[in-house]
Each structure stands twice: as structure tokens, then as C-alpha cells.
Amino acid sequence: MPDSYRAPANPPQGSRARRTRWARTIAVVSVVLTLTIALHSVLPGSLGTLTATVLPWLGWLLPALTIGALATRRRRAWIITLVPALTWSLLVAPAALPLGEAGGSVSESSPLTVATHNVRGGEGTAIESARTLASEGADLISLVELTSEEREGAAAELAASHPYSYQVGTVGFWSKYPIEQEKPLDLGLGWKRALSADVLAPGGTVSVYVVHAASFRPGFQTERDTMLRNLGELVPQDLSERLIVMGDFNATTFDPALGPLLETVSEPRTSGLSWGFTWPAAAPIARIDHIFERGLTATDSRVLPAGASDHKAIVTRFTDEPAPETP
């Protein structure tokens, strides 16, 4: 045999087989991810809620999946990884984009700053939470998970700056402007963890709902789902031109349980590039506290710490100009 002989450049058969199996695995994972992202809103029960919670985090898996596909040297493998990436980019990523410029003549409109916070009952810092939100210029403040003692403390703290208030159960609402038509709501729970009221704001009456949804635990979410379903039926019956729904929903923006409500209201994005996660406060991984609106335009929305709660607070500034319609 001549000395110049060299072995074929083709890789060993076993190596090709391994890459083929890996490419097939990546293809299967890509299909599963695509279906999960695209169909998350119809997944039942705890599966739907847990999937909705991890949706934003799936974005971190997509680059790794593509790199793995490239390593297989199979064009079909890396092309198919583009499908879940595109689906995630269209359905999930937009919620993290910064809040855009407000439409209308903002300078001539009436601003309204709204804040909500779960104070984590028993921590004893509801007063500090109330003080923080008032210092942020909030005209309307909702505090949830209040004990009776904390409710009294927050009321005393806000008495001078927010003289109009209504509290029921674990929820409290304070306003700089007169309120009327206040009502307790149990939303099918059997006891009051929500309320509604009309605020006579400078730009016109605003219908406000404050909610402290029942807790979610995998396999034990019936009470939460009942409350959110009833809320989703109640809000569309409110014919007010301007409406705000806020509080602790124990459900992320993508949770199927919020689907009926989100057919009639929308949630402003945060002012920075962020998901606006609110829980747990030390290292947030999910946004379960929300401020939803109808007939208003958000000009600024931020998440910030307040008190010793395990939740972060949300402060959103609105104008009474309706949001421009999407073409």
C-alpha cells in the first residue's frame, strides 16, 4: 500500500448515527415547545397555569436548542428550531417590550397615577407600603392581604393625602378623589376579597375594581379560578368608558384563567425592557400582580419594592386619553 494513502474524510458510521439521533431529539423538542407556546391558553387546570408561568423563561432555552442543532450539522435540525423561536417572539416576547409613546394630547389630558401592592399580611409594614406609594404620587392606591390592624394603620397613614377610602375583607382602596357606588365583591368565594367603586376623577368617572384572588397551589386552584372566571363575567357588564382592575390575581398575564378578563381589558407594559415580575420580591420570577385598564392610556409603568412584602408594587401613570387603536 502506498505511503500516500489516507483514510476517507467521512466520519465513522457511529458518529453519524449519534448526530442523527440528536437531530431527531432536537426536532421533537422543537415541536413540543412550539405547541406548548402556541396552545398554552387552552391547557387545562394547573398545567395551564404552570406553563403560563414559565413561558417567559422558555426564551432562554431557544438559543441553546439552536446551538445544539447546529452541532448536528443537519440543516433541517437548526431550521426547525426557528419555529419555536418565532412563535415565542410573536406571542410572548412583546409583553417585555418597553411601553410606547402615548397617543393623544397628553399635555391637555388629566393624569391619573394608580398603584397596587400585596403587603403580605402579618409583616406589619402596610403603613410603610402606603407611605411609599403615596410618595410616588399615586392618586389611587389599593392594598391587599391586609389584616384588620394593618388596615387601620394604612388608613391612618393615608387619611390626610387620600381622604376617600373603602375597605372590605383583606382589600383596601384609597383615593384622592371622591368615590361612590362602592360595593364588596366575593366573586363566588363565599367571603369578601374584592371590591368595586367609582372614582370621580378630574378627567371623568373611573370604575375601579380591586381584587385579592385566592391562592394558587398545583392541584388546588378551584377557588382562584372561580374568582377570576366571575370577575371575567362581571367586568364586561360594566359600561364605564374608563375602567381599572388591579390587585393580586395569583395568575400571570398568560394564565388561561385570565383569558375572559383580558378580552375586555389590557395590561400596560412596563416603561423599561422588562417583564415587570412582582413575585417573589427578593428575586422575582413571575408577574402575578396587575393593573389592567380600559379607555385610558398608560404613559409610565414601574415595579418597585415597598415595605417588607414578598411582592413588589406596581405604579402606573395614565392619561384620560383613550389608547390609540391598533391598525
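Two strands, β1 (111-118) and β7 (204-212), each supply at least two residues of the lining of the largest cavity. That cavity has a volume of about 60 Å³. The model is predicted; local features need pLDDT of at least 70, side-chain atom pairs count only at pLDDT 80 or more, and totals for chains, interfaces and linings use all residues. Residues are numbered from 1 along each chain as its sequence is written, and side-chain values use heavy atoms, with hydrogens and water left out.

**Cavity**
- The structure holds one cavity of 30 Å³ or more.
- A cavity is a set of points, on a 1 Å grid over the protein atoms alone, where a 1.4 Å probe fits but cannot get out; lining residues have an atom within 4 Å of a point.
- Grid points are joined across faces, edges and corners, and a volume is the space filled by probe spheres set on the points.
- The lining of the largest cavity includes Ser110, Pro111, Leu112, Arg242, Leu296 and Asp320. Also among its lining residues are Ala201, Pro202, Gly203, Gly204 and Val206.
- By class, this lining has six nonpolar, three polar and two charged residues. Ala, Val, Leu, Ile, Met, Phe, Trp, Tyr, Cys and Pro count as nonpolar, Asp, Glu, Lys and Arg as charged, and the others, Gly among them, as polar.

**Second largest pocket**
- A pocket is an open set of grid points with protein on both sides within 12 Å along at least five of seven lines.
- About 220 Å³ of space lies in the second largest pocket.
- Its lining has 13 residues; Thr53, Phe216, Asn250, Trp279 and Ile288 lie nearest the centre.
- Helix α2 (residues 45-54) gives the most to this lining, with three residues. Helices (H or I, at least four residues) and strands (E, at least two) are DSSP runs, numbered from the N terminus.
- Seven nonpolar, four polar and two charged residues make up the lining.

**Six-stranded sheet**
- This open sheet has the order β3-β4-β2-β1-β11-β10, with mixed pairing. Two strands pair if DSSP finds at least two bridges between them.
- β3 (164-168) and β10 (297-304) are at the edges with a single partner strand each, so one side of each is left without a neighbour in the sheet.
- The twist averages 10° from one strand to the next.
- Strands β2 (residues 140-144) and β4 (residues 171-175) run antiparallel and are joined by five bridges. Leu140 has Ser175 in β4 as its bridge partner.
- Helix α6 (residues 126-135) packs on the sheet, touching β1, β2, β10 and β11 (313-319). Its direction makes about 155° with that of β2. Contact means heavy atoms within 4.5 Å.
- Helix α7 (residues 148-158) lies across β2, β3 and β4, running at about 5° to β4. Axes are lines fitted to C-alpha atoms, for helices over the stretch in contact, and angles run from 0 to 180 degrees between N-to-C directions.

**Five-stranded sheet**
- The order is β5-β6-β7-β8-β9 in an open sheet with mixed pairing.
- Edge strands β5 (179-185) and β9 (289-294) each have a single partner strand, so one side of each is left without a neighbour in the sheet.
- Neighbouring strands are turned by 15° against each other on average, direction ignored.
- β6 (residues 194-201) runs antiparallel to β7, with eight bridges joining them. Leu200 stands opposite Thr205 in β7.

**Backbone**
- Most residues other than glycine have a negative phi, and most peptide bonds are trans.
- Trp279 and Pro280 are joined by a cis peptide bond, with omega about -15°. Pro280 is in the loop between α9 (259-262) and β9.
- Arg120 has a positive phi of about 60°. Arg120 lies in the loop between β1 and α6.

**Confidence**
- The protein chain averages a pLDDT of 90, and 91% of the residues score at least 70. pLDDT is the predictor's confidence in each residue, from 0 to 100.
- Over residues 103-107, pLDDT stays under 50.
- Where pLDDT is low, the predicted coordinates should not be read in detail.
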